[in-house]
Amino acid sequence: MGFGDYPAEYNPKVHGPYDPARYYGKPDTPFGQVKLGDLSSWLMRRNKTPSAFLGVFSRAFWRWQHKYAQPKRAGMAPLMQVTLASVAFFYVLNYKRMKAHRRYELH
C-alpha cells in the first residue's frame with residue numbers, strides 16, 4: 001500500500017463509494033467489549049506498523065470532520081474544539097515556566 005492509495009481491503013463493487021472514515025479490514029471485537037482475560041490476545045491481533053497508526057489517526061480525523069466541520073450547519077463547535085485543544089497544548093508546553101513564575105512578586 002503506497003501513500004495515497006486505497007486500502008487493500010477496499011473493493012468498490014462491494015463497499016460502494018470510498019469513505020476515508022471507515023475501516024475496511026476484517027471486523028474485530030470493539031475495545032469496550034473485550035474481557036480482561038482476552039485483552040492480551042486482543043492486543044496481539046492489532047497491526048502495529050507505522051502505516052496502521054497513521055490510518056487510525058486519519059480515520060479519527062475524518063470522523064471528526066464528518067461530524068463537526070463538514071455539516072451544512074456546523075456552528076461554532078469545530079472552532080471551539082480547535083481553540084480549546086490549542087490552549088491545552090500550549091499550556092502543557094509552557095507549564096514549567098508558569099510554575100516557576102507563580103512565586104514571583106510583581107510589585
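**Salt bridges, aromatic contacts and a surface patch**

Arg 46 and Asp 28 meet through their side chains in a salt bridge, at 2.2 Å from N to O. Arg 46 lies in the loop between H2 and H3, whereas Asp 28 belongs to the loop between H1 and H2, so the pair ties together parts that are 18 residues apart in sequence. The model is predicted, and the points below describe its features by topic.

**Salt bridges**

- The count of salt bridges comes to 2.
- Arg 45 also forms a salt bridge with Asp 28, and the closest N and O atoms of this pair are 3.1 Å apart.
- Because Arg 45 is in the loop between H2 and helix H3 (50–69) and Asp 28 is in the loop between H1 and H2, this pair ties together parts that are 17 residues apart in sequence.
- Asp 28 counts as partly exposed, with a relative accessibility of 35%.
- Arg 45 is partly exposed at a relative accessible area of 48%, and Arg 46 is partly exposed at 30%.

**A charge over a ring**

- Besides its salt bridge with Asp 28, Arg 46 has its charged end over the ring of Trp 42, 4.1 Å from the centre of that ring.

**Aromatic pairs and a cluster**

- Across the whole structure, a search finds 11 aromatic pairs.
- In one of these, Tyr 6 and Tyr 18, the ring centres are 4.8 Å apart and the planes stand at 55°, so the pair is classed as tilted.
- This pair links distant parts of the chain, 12 residues apart: Tyr 6 is in the segment before helix H1 (12–15), and Tyr 18 is in the loop between H1 and helix H2 (39–44).
- Tyr 6 is exposed, because its relative accessible area is 52% and the cut-off for exposed is over 50%.
- Tyr 18, with a relative accessible area of 31%, is partly exposed.
- Tyr 6 and Tyr 18 belong with Tyr 10 and Tyr 24 to one aromatic cluster.

**A nonpolar surface patch**

- A nonpolar patch on the surface is formed by Tyr 91, Val 92, Tyr 95 and Met 98, which together have about 410 Å² of accessible area.
- Tyr 91 is found in helix H4, which covers residues 77–101.

Notes: Residues are numbered from 1 along each chain as its sequence is written. This is a predicted model: local features need pLDDT of at least 70, side-chain atom pairs count only at pLDDT 80 or more; totals for chains, interfaces and linings use all residues. Side-chain values use heavy atoms; hydrogens and water are left out. Patches are made of residues with over 30% relative accessible area and no salt bridge: like charges are joined within 9 Å, nonpolar side chains (Val, Leu, Ile, Met, Phe, Trp, Tyr) within 5 Å. Accessible areas come from the Shrake-Rupley method with a 1.4 Å probe; for residues, only the protein chains shown count as cover. A salt bridge is a side-chain nitrogen of Lys or Arg within 4 Å of a carboxyl oxygen of Asp or Glu. Helices (H or I, at least four residues) and strands (E, at least two) are DSSP runs, numbered from the N terminus. Rings of Phe, Tyr and Trp (its six-membered ring) pair if their centres lie within 6.5 Å; planes under 30 degrees apart count as stacked, over 60 as edge-to-face and the rest as tilted. Buried means under 20% relative accessible area, exposed over 50%, partly exposed in between (1.4 Å probe, protein chains only). A charge sits over a ring if NZ of Lys or CZ of Arg is within 6 Å of the ring centre and within 35 degrees of the ring normal.
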